[in-house]
Amino acid sequence: MLKKLYVIGIGILLLSLFTGCSNEMKEVDKQAFKMDTIMDIKAYGPKADKAINAAFDRIDEIEQIASASVETSDISAINSASGKEYVKVHPEIINMIKTSIKYSELSEGAFDITVGPLIKLWGIGTENQKVPTDGEIKKVLPLVGYKNISIKEADNSVKLLKEGMSIDLGGIAKGYAADEAVRILKEYGVKSAIINLGGSSVYALGEKQDKSLWAIAVQHPRKDDNKNYTCIIRMPEQALSTSGDYERYFIKDGKRYHHILNPFTGYPADAKVMSDTIVISSDTPNCNMLADILTKVTFVSGIEKGFHIINSIQGVECIAVTTDYKIYKSSGWKDDMENISPEFTLVN
């Protein structure tokens, strides 16, 4: 079975967003299909409509330079020139790559944007998905390694040092897009909004009209419909991101093969984690981009090592759902959790 990328609520369901809007300050809710998923922005204010349109336009710009599937993108140009030459790119791409390398180093390689050859080999979520042979994986693995990315900041150029290497920003670009959407909404004077990029990257901006906390339900990793969830998280203005083995996957011979690949083994990560959710303070620069990255760290590294990394970063919280239906919280977890599904056991 293959889940469709565009299903709203893949990572997160949004509950009780707005109440009591006046005619002068009405809620505007718009959806658009971008970055291979349905995005939804709900904003409150006199310029909300223009703000949302501008945010979607900015997301289009990011996709055109950051997507490996867009032939004219900066990333495609870098990949085509791998092992040959430096490619001049937009400053935004430099920012994303530098941030990726920083957290690749912090996670000791658990997060690595050079998994492009592995992504292509597996083809998960495409018509060409398959289980590669051990030989095929071993042939590609030497092309994976963030240390073989070279950046010349003087002229914003990037080179992949080995021919055949390729970058995939799928684990960071949506978070960057969410940060940009937040910035644009604020420029238009929006003080209350929910930015939901495909269900896996969410930002709660400002306060609800009734002053209560935002309520965000984390998707049940083994049930497809939006009526089932792991728990509800109550939080103030923050960034939230979820990754799971249920977002893109196929099952063959009774085994689940998902899209979050382990850069060390070349196979889908198997650290006994079904999903994990990162929450980051809005005071943290690039909080959505960081949340997007860090969901892969615990998923690939596992609870013990992943939480050690999470706990070392100020303003970052995490919950992880394991394959034995247990929920673990990082030591810095502060947000309220309620309506925990009876199928799951809260460990700490």
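Contact here means heavy atoms within 4.5 Å. The legends below describe a predicted model.

Figure 1. The C-alpha trace spans about 60 × 45 × 40 Å along its principal axes. Of the 348 residues, 57% are buried. Among contacts with a separation of 6 or more, 63% join residues 24 or more positions apart. The chain exposes about 15,100 Å², and carbon and sulfur atoms supply 48% of this area. There are 41 positive and 46 negative charges, and their mean positions lie 2 Å apart.

**Figure 2. The loop around Phe264, between β13 (255-258) and β14 (273-281).** Once neighbours within four places in sequence are left aside, Phe264 is in contact with Glu108, Gly109, Ala110 and Leu141. Phe264 and Val300 are 36 residues apart in sequence, while their C-alpha atoms are 9.8 Å apart in space.

**Figure 3. Helix α7, residues 287-301.** This helix has 15 residues. From its first C-alpha to its last, α7 reaches 21 Å, close to the 21 Å expected at 1.5 Å a residue. The helix is mostly covered, with 14 of its 15 residues buried. Just after α7 comes Gly302, which takes a positive phi of about 95°.

**Figure 4. Thr99 in helix α3, residues 91-106.** Is Thr99 buried or exposed? Its relative accessible area is 14%, and buried means under 20%, so Thr99 counts as buried. Not counting residues up to four places away in sequence, Thr99 touches Ile172, Met289 and Ile293.

**Figure 5. Helix α6, residues 173-187.** At 1.5 Å a residue, the 15 residues of α6 should span 21 Å, and the end C-alpha atoms are 21 Å apart, which agrees. Of these 15 residues, 12 are buried, so α6 is largely enclosed by the rest of the structure. The buried residues include Ala173, Tyr176, Val182, Ile184 and Leu185. Residues with charged side chains are also on the list, among them Lys174, Asp179 and Glu180. Which elements do the buried residues of α6 pack against? They pack against β3, α1 (48-66), α3, β7 (192-197), β8 (201-206) and α7. The helix is followed by Gly189, whose phi is positive, near 80°.

**Figure 6. Asp36 in the loop between β2 (27-34) and β3 (37-44).** Most residues other than glycine have a negative phi. Asp36 is not a glycine, yet its phi is positive, near 65°. With a relative accessible area of 42%, Asp36 is partly exposed.

**Figure 7. Tyr325 in the loop between β15 (316-322) and β16 (326-329).** Although Tyr325 is not a glycine, it has a positive phi of about 65°. Its relative accessibility is 24%, and Tyr325 therefore counts as partly exposed.

Note on methods
Residues are numbered from 1 along each chain as its sequence is written. This is a predicted model: local features need pLDDT of at least 70, side-chain atom pairs count only at pLDDT 80 or more; totals for chains, interfaces and linings use all residues. Side-chain values use heavy atoms; hydrogens and water are left out. Buried means under 20% relative accessible area, exposed over 50%, partly exposed in between (1.4 Å probe, protein chains only). Accessible areas come from the Shrake-Rupley method with a 1.4 Å probe; for residues, only the protein chains shown count as cover. The place of a charge is taken as NZ of Lys, CZ of Arg, CG of Asp or CD of Glu. Helices (H or I, at least four residues) and strands (E, at least two) are DSSP runs, numbered from the N terminus. The expected span of a helix is 1.5 Å times one less than its number of residues.
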